[in-house]
Amino acid sequence: MKLFEHQIEALEKTKDFNKCAYYLDMGLGKTFIGSEKMISFKTSINLVICQKSKIEDWIKHFEDNYKVLVYNLTENEKLKTYLAYHHLFNESGYPVKYPIVGIINYDLVFRRKDLLNLKDFTLMLDESSLIQNEKAKRSKFILKLNAKNVILLSGTPSSGKYENLWTQIHLLGWDIKQSVYNKQYINWEKLDVGGVPIWIVDKKEPYKNVERLKEKLRQHGAIFKKTEECFNLPEQVDIPIYIKPPNEYKTFKDNGIVTIDNDELVGDTNLTKILYARQICSLYNQNKLDAFEDLLESTNDRLIVFYNFIQEKEKLKEIIEKHERPISEVNGQVKDLKNYEEQDNSITLIQYQSGSMGLNLQKANKIIYFSLTQSSDLYEQSKKRIHRIGQNQTCFYYLLLCKNSIEDKGILPRLMMRKDFDDELFREEIW
């Protein structure tokens, strides 16, 4: 295959590292860089850990581009065969003709205890930001793996939060204790909550010695690249569409309780108040559904639609089916992009958690945000699904927003600042 110049440069800079991280912006081809690096190690046993929705993509990628044996380790029989090959190679010295590559997802890997017996293998983490929490089961398990070589792939390694970077630093072989790392690079603020001291990252000046941190990461095999450093991609245009909230929104705002379509919504905590406020703006808002239908009628182009809640998807599908447009779906249960690939008037419905990362959707140049995510990381990644290598048209992002609501006064401003919206930031003024 022919690699791009920035991909060749990344591999050249890490040629002497057996542990490295490719922190490249979404769309710069981390998959090929990571695969080329893995093959260069010539290890017989290799393990790729990725999101569940990306397992089939990785399998196809290796089968189409390399002479390797690929096994889906979510299947018990495939796992047994994979482990048998490891035993033959490591215990018996039996030669393996082609490299063995096992693929498994983050939510399952820690349940495959036998993987802790692997040795002399190459480990590759796709979207390594998913092990930010060192206390999570997946992170603890991965840190116990005895990998000879490590490859980390991510466009957002810490979502802008350096306090979440230690697990990846540890995997890269930088021998620094977490307590020392926190002391040298993070500014902590002590709060007294009911007599209990709690440490949080200082909001005004969260980090220190940032340039030294980046240099240390480079010394341990980390490569950083932004899209604009490599390609001149088309312009991105945000188009906010303001929609009247339903009358029930004011009732809920004033009283914290409302009944809609026989559903009683009670916002008795900040979390439930946020949840139901968001749902009233989208799921229970006929005005927004009408605005979505208007957009649908205005173009026969491929459209990508991001949503949050399963009930939103069902209502959107009813509208799309009424207009007899072909549908593709990506969510926790389904990944079907057939109509997206084959029909130029298709509508692809994507739930943020399942499809914000990794998908290549540059056949489309328009995204509709039916409802907003609270995660800055997911929002930024979702925009990159169409703004990628191979896109030659201006990218348009249609944001359906309830006017003077939690959407346009609370969530969107935080996303524009590349910050998450959560209950800690929930204030009455956003209503």
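**Helix 17, a helix pair and the cysteines**

In this predicted model, the residues of helix 17 that are buried are Ser376, Asp377, Leu378, Tyr379, Glu380, Gln381, Ser382 and Lys383. Helix 17, which spans residues 376–383, is accordingly described as mostly covered, with 8 of its 8 residues buried. The cover over these buried residues includes helix 16 (352–355) and helix 18, together with strand 10 (236–243), strand 13 (303–307), strand 17 (366–369) and strand 18 (395–402).

Helix 18, one of the elements that cover helix 17, also takes part in a helix pair. Two packed helices are described by the angle between their axes and the distance between the axes. For helix 12 (residues 270–281) and helix 18 (residues 406–416), that angle is about 120 degrees and the axes lie 11 Å apart. The crossing of helix 12 past helix 18 is left-handed. On the side of helix 12, the residues in contact are Ile274, Ala277, Arg278 and Cys281, and they meet Ile406, Glu407 and Ile411 of helix 18. Sorted by class, this contact comprises 5 nonpolar and 2 charged residues, with no polar ones.

Cys281, which belongs to the helix 12 side of that contact, leads on to the cysteines. The structure holds 0 disulfides. Cys402 is in no disulfide, and its nearest cysteine sulfur, that of Cys281, is 3.8 Å away, whereas a disulfide would need the two sulfur atoms within 2.5 Å. Cys402 is buried, with a relative accessible area of 0%, and Cys20 is likewise buried, with a relative accessible area of 0%.

Technical notes
Residues are numbered from 1 along each chain as its sequence is written. This is a predicted model: local features need pLDDT of at least 70, side-chain atom pairs count only at pLDDT 80 or more; totals for chains, interfaces and linings use all residues. Side-chain values use heavy atoms; hydrogens and water are left out. Axes are lines fitted to C-alpha atoms, for helices over the stretch in contact, and angles run from 0 to 180 degrees between N-to-C directions. Helices (H or I, at least four residues) and strands (E, at least two) are DSSP runs, numbered from the N terminus. A crossing is left-handed if the near helix is turned anticlockwise from the far one by less than a right angle, and right-handed if clockwise. Contact means heavy atoms within 4.5 Å. Ala, Val, Leu, Ile, Met, Phe, Trp, Tyr, Cys and Pro count as nonpolar, Asp, Glu, Lys and Arg as charged, and the others, Gly among them, as polar. Buried means under 20% relative accessible area, exposed over 50%, partly exposed in between (1.4 Å probe, protein chains only).
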